[in-house]
Amino acid sequence: MASQLPRPVIPTLVALSLLGGWEWYVRSGRVSEVLFPAPSHVLEWFWEALLSGELLAATWVTMRRLITGFAIGAALGVPLGALCARVRWVRDTLGVLALGLQTLPSVCWVPLALLWFGIREEAVLFVVVMGTLWAVVLAVQESVLNVPPLYLRAAQTMGSNGWHLWSRVILPAALPGVLSGMKQGWAFAWRSLMAAEIFVVIVTGFGLGSLLNAGRELLRMDQVMGVMAVVMIVGLLADLIFFSPIESWLRRSRGLER
Amino acid sequence: MGNRSETSPASAALTLRNVTKRFDGASGQVTALEDITLDVREGEFLAVVGPSGCGKSTLLSLLAGLEHTNEGEIKLGDQPVEAPGRDRLVMFQQDALFPWLNVLENVLFGLRLKPDLTEAERLESARYYLNLVGLGSKEKARPHELSGGMRQRVALARSLAPNPRVLLMDEPFSALDALTREQLYGDLQEIFTKRKKTIVLVTHNIREAVCLGDRVVLFSPNPGRVQQVFDVNLPRPRRLNDPALANLAAEVTSALSPRLAR
């Protein structure tokens, strides 16, 4: 029976009944609307925030920070990771440091960042960069070390070496691993940025995290939940629109999957 | 033994003089090759055959410049071989095609490292060799879309296209099925006859060595040494099932392992 229905039918039904149950539960008055707003209220807030431009402005501020921080982290991470793979003592020092720092949630950098940069854009960027950088360094290091030696031997006998070998063989061969490192770095950056925006009111821009925190201060849980949903959707979209297509194209074009 | 193959240096493409190669193994030093003296003549197809562990793959790495000798000297013409170079291209056991490039781009890879060619000349050359190996219609395909035999053909085209002085082949047919292998023996002999390339083929397959080589050099293991050199004076193209070829292969086999001789 179930197997004859189109695949999205069951998930849609489940989601709708969950939302409906939630709506009904809140409206029945068994729980305070202030603590636990109904989905319709969250949607209402979403609509208002969208129309007033508040939501888009905040999303834009957050995305700008995220993309800038991520780009800096990735731009630094790729050469550093390559250096780690290439030079043994760099791997034994920077590589090990990266391993340690990667386990550190980058929100831990917030106090230092505020002290070093002040309550400014740079502080947020620093936290985002710290979230991205080490994941990228480690992924690049790993994937460069895992490039099949056969490729290198073949390229070398054809006269490739130095920069040519790096740009035409090692990096392309390592690309799938580098990309999944970037994806991980992106996820870390996203988390650290939210934490930074919630903890610190950055005067230079009002991002999604700040919007969520404002909701907390105004005791508007519809806003808090609405922002949570937006954060989730933006994260999903980044994956669906950007990373997943590149990744699957890369894998398909190399015959790693159908 | 082996001295009867010595030729004057003038006609030799590759000369090896007292070459010894040792590796650091888990249980001390291992001598992979000991005191190898050998000439590869210009335009000759030399097949090196021997059981596993006889150092024949090491020999090829030395010729390619991917490894260095401990003792002795290897020369290409009158230049010592010290590093990899375009004048000696290698075909490996696995095809080593780059999965991020299509067939044509793979063949162009080596050609693009030759600065003296124009892009149009490179394209022309790449297409010529792809046609030579019968894959002219597959230039846009990715390596993973091809069969193992086709991939090795692309690898052959890639090695031939930059027009190296010597082609080094490291058991390039061993991972292929018998039918594809025989087809490639035919292709390779045709190309060899047409282009008169100097080729060194390393293999553990005696029939293959006799089918392809102008001379067959038999290596003995532990440490790798030249045991005997056989001249193969059979007309080309040779067929694997040719009785004369089978007889010679049996002769090589019995030299390798007298107990196997009938």
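In the predicted model, Ala12(B) is placed opposite Arg41(B), a residue of strand E2(B). The two strands concerned, E1 (residues 12-25) of chain B and E2(B), are paired in the antiparallel sense over 10 bridges. They belong to an open sheet of four strands, which runs in the order E2-E1-E4-E5 in chain B with antiparallel pairing.

When neighbours within four places in sequence are left aside, the contacts of Lys21(B) comprise Ala32(B), Leu33(B), Thr58(B), Leu62(B), Glu67(B), Thr69(B) and Asn70(B). A separation of 18 Å is found between the C-alpha atoms of Lys21(B) and Val49(B), which are 28 residues apart along the chain.

Val49(B) belongs to one of the two faces of strand E3(B), both of which are covered. On one side Phe45(B), Ala47(B) and Val49(B) are buried, and on the other Leu46(B) and Val48(B) are buried. Burial thus extends to five of the five residues of strand E3 (residues 45-49) of chain B, so the strand is largely enclosed by the rest of the structure.

Taken as a whole, chain B contains seven helices and 10 strands. Its radius of gyration is 18 Å, close to the 18 Å given by the globule rule for 262 residues, so chain B is as compact as a globular protein of that length. The C-alpha trace of chain B spans about 50 × 40 × 40 Å along its principal axes. Buried residues make up 44% of the 262 residues of chain B. Of the contacts in chain B between residues at least 6 apart in sequence, 71% connect residues at least 24 apart.

Chain A, by contrast in its elements, has 10 helices and zero strands, and its pattern along the sequence reads α-α-α-α-α-α-α-α-α-α. The radius of gyration of chain A is 23 Å, well over the 18 Å that the globule rule gives for 258 residues, so chain A is more spread out than a compact globule. Along the principal axes, the C-alpha trace of chain A spans about 75 × 60 × 30 Å. Of its 258 residues, 36% count as buried. Among the contacts in chain A with a separation of 6 or more, 72% involve residues 24 or more positions apart.

One helix packing in chain A was examined in detail. Helix H2 (residues 39-52) and helix H10 (residues 221-253) of chain A pack with their axes 8 Å apart and at an angle of about 75°. This angle makes H2(A) roughly perpendicular to H10(A). On the side of H2(A), the contact involves His41(A), Val42(A), Trp45(A), Phe46(A) and Ala49(A), which meet Asp222(A), Gln223(A), Met225(A), Gly226(A) and Ala229(A) of H10(A). By class, the residues of this contact comprise six nonpolar, three polar and one charged.

Asp222(A), located in helix H10 of chain A, is buried, with 23 other C-beta atoms within 10 Å. Residues up to four places away in sequence not being counted, Asp222(A) touches Pro37(A), His41(A), Val42(A) and Trp45(A). The C-alpha atoms of Asp222(A) and Glu44(A) are 8.5 Å apart, although 178 residues separate the two along the chain.

The contact between the chains takes 13 residues from chain A and 20 residues from chain B. On the side of chain B that touches chain A, strand E6 (88-91) and helix H2 (103-111) of chain B each supply at least two residues. The most is given by E6(B), with three residues. This side of chain B consists of 13 nonpolar, four polar and three charged residues.

Key: Residues numbered from 1 in each chain as written. Chains lettered and ligands numbered in written order. Predicted model: local features only at pLDDT ≥ 70, side-chain atom pairs only at ≥ 80, totals over all residues. Axes fitted to C-alpha atoms, helices over the stretch in contact; angles between N-to-C directions. Parallel < 35°, antiparallel > 145°, perpendicular 65-115°, else oblique. Contact = placed C-beta atoms within 7 Å. Nonpolar A, V, L, I, M, F, W, Y, C, P; charged D, E, K, R; others polar. Pairing = 2+ DSSP bridges. Buried ≥ 20, exposed ≤ 12 C-beta atoms within 10 Å, placed from the backbone. Rg over C-alpha atoms; globule rule 2.2 N^0.38 Å.
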